[in-house]
Amino acid sequence: FTFPDVNKGLWSFASPASAPDGFATGMDNLDLPGGVVTSMPGDSINNDVAYDAASTVTLQCDYKSSTGGAPVNVIGTSLGNIITVTGTTATVLRPGFSTAAGIWWSHKQYGTDLFIANPTDGVWRYDNNTLVPIGAKAIAQMESDEASLWAGETADTTNYKEGVQAMYVESSGSQTTMTFTPASNFDAVSGRLGARDYVSDKSPGTDFYHFFIKFTNTGTVDTTNTRLLLTDGDGDSLNFPMTVWLTSKSSSGTAVTATPTDGTWYEIWCEANDGTETATFDSSNIDTFAFAVDTSAGTRRMIVDDFYVVYAQTMPAVQILAEWKNILFGLTGDEYNFSPAGAPDEYDTDANDVLKSDGEAITAAARFFNQLTVGTDSHVFTLSGSVVGQVYPSYEFDINEVTDEFGISSHRSIVKGQNKLWWCWKQQICS
């Protein structure tokens, strides 16, 4: 077989179909010195921005904006950071991911969202602004570009969980509050794209508000007056005192300790139905979000970061992401999970099945016209069919085995060319 001429380099605009002759529509781990395709090491990229120099690359992909222009390079490092690179500027999206040996991220752009995943850290979504878990809708990220929307806060560029800063409020014996007022009232109900609405009102209130907190100093926290207070456009409120702050995304989760350890981050989940409501609170029309801290003795600083609303159920952690017929697939082990068509953020715990692959783990998946090609170490399958007229999560797919004489060794090796899929299997290139 032969590769098409790509000696003019990378076509970096949004539509690969518009690439003129002589341009490549995507490049990973290769260079074109003198127009000759030359491989680069798998933990390196053709980028001259220095960041996490002592690490290896665990993710390298482009986010392409629907408005065109140069793509944003999204990079993961073995030091647990996800960064973006635009031109010569590197920006931290989020630190704190797994640094375990062997971690690598898969990725898939779905419309205006880029999804990334690994089986330890789970599935995340980047929208050219924030990186949040799949199923989340960002409220406030406590970054400097939000400063004009806050009152009573102080920025903290040393302690943070997301981006490059958090915000804090401090009490020395009386309730002290920092308040976020969005530029327009926040809708915590409407799902993104075609996803279901968030159940974020008081009743039935089965979805969650999420944030991180860290307390410093040694004062005694007043767990009733330390709270998150949401107030809607009509002045009705939903109050979450610290006594209902949970440390897991579960209605039966454990409440955060009343005596938090100085300098320790706590991940907090507030189930909507745990809030105390005045009148009829409307979470589709939230005017302000207020974090307050109070002490009964001494001084306590409460640092807050990474604030969003999120579904109670989201796609579990997976290794491989793929899209087919507007359905987002997440695959790991011998199992595949799937979203509704047109709603990648939504997930039902019944939306999964097992690939009958003689116990072999799924190693790769890629869309190819009207089918999804799925590989294991010594099998290749196709998943096809139509979900028209079917009700999620009871989608039924046709699974066909193409061969049991070879498989796919690497998800990241799959490329499309000459109306075929090509990939690496052991020491061979197959199609």
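Biologist: How many bridges pair strand E31 with E32, and in which sense?

Modeller: Strands of a sheet pair through backbone hydrogen bonds, either parallel or antiparallel. Here E31 (residues 380-384) and E32 are antiparallel, with five bridges. For example, Ser-384 sits opposite Asp-398 in E32. Two strands count as paired if DSSP finds at least two bridges between them. Strands are DSSP runs of E, at least two residues long, numbered from the N terminus.

Biologist: Before we go on, what am I looking at?

Modeller: This is a predicted model, where local features need pLDDT of at least 70, side-chain atom pairs count only at pLDDT 80 or more, and totals for chains, interfaces and linings use all residues. Residues are numbered from 1 along each chain as its sequence is written, and side-chain values use heavy atoms, with hydrogens and water left out.

Biologist: Which strands make up the open sheet with E31 and E32, and in what order?

Modeller: There are four, in the order E29-E30-E31-E32, with antiparallel pairing. E29 (364-368) and E32 (398-403) are at the edges with a single partner strand each, so one side of each has no neighbour in the sheet. From one strand to the next, the twist averages 25° (axes are lines fitted to C-alpha atoms, and angles run from 0 to 180 degrees between N-to-C directions).

Biologist: What do E26 and E27 form?

Modeller: A hairpin, with two residues between the strands. Gly-333 in the turn has a positive phi of about 60°. Four bridges join E26 (residues 327-332) to E27 (residues 335-338), running antiparallel, and Phe-329 has Phe-338 in E27 as its bridge partner.

Biologist: Which strand do three bridges join to E27?

Modeller: That's E28 (residues 352-354), again antiparallel. Tyr-336 stands opposite Asp-353 in E28.
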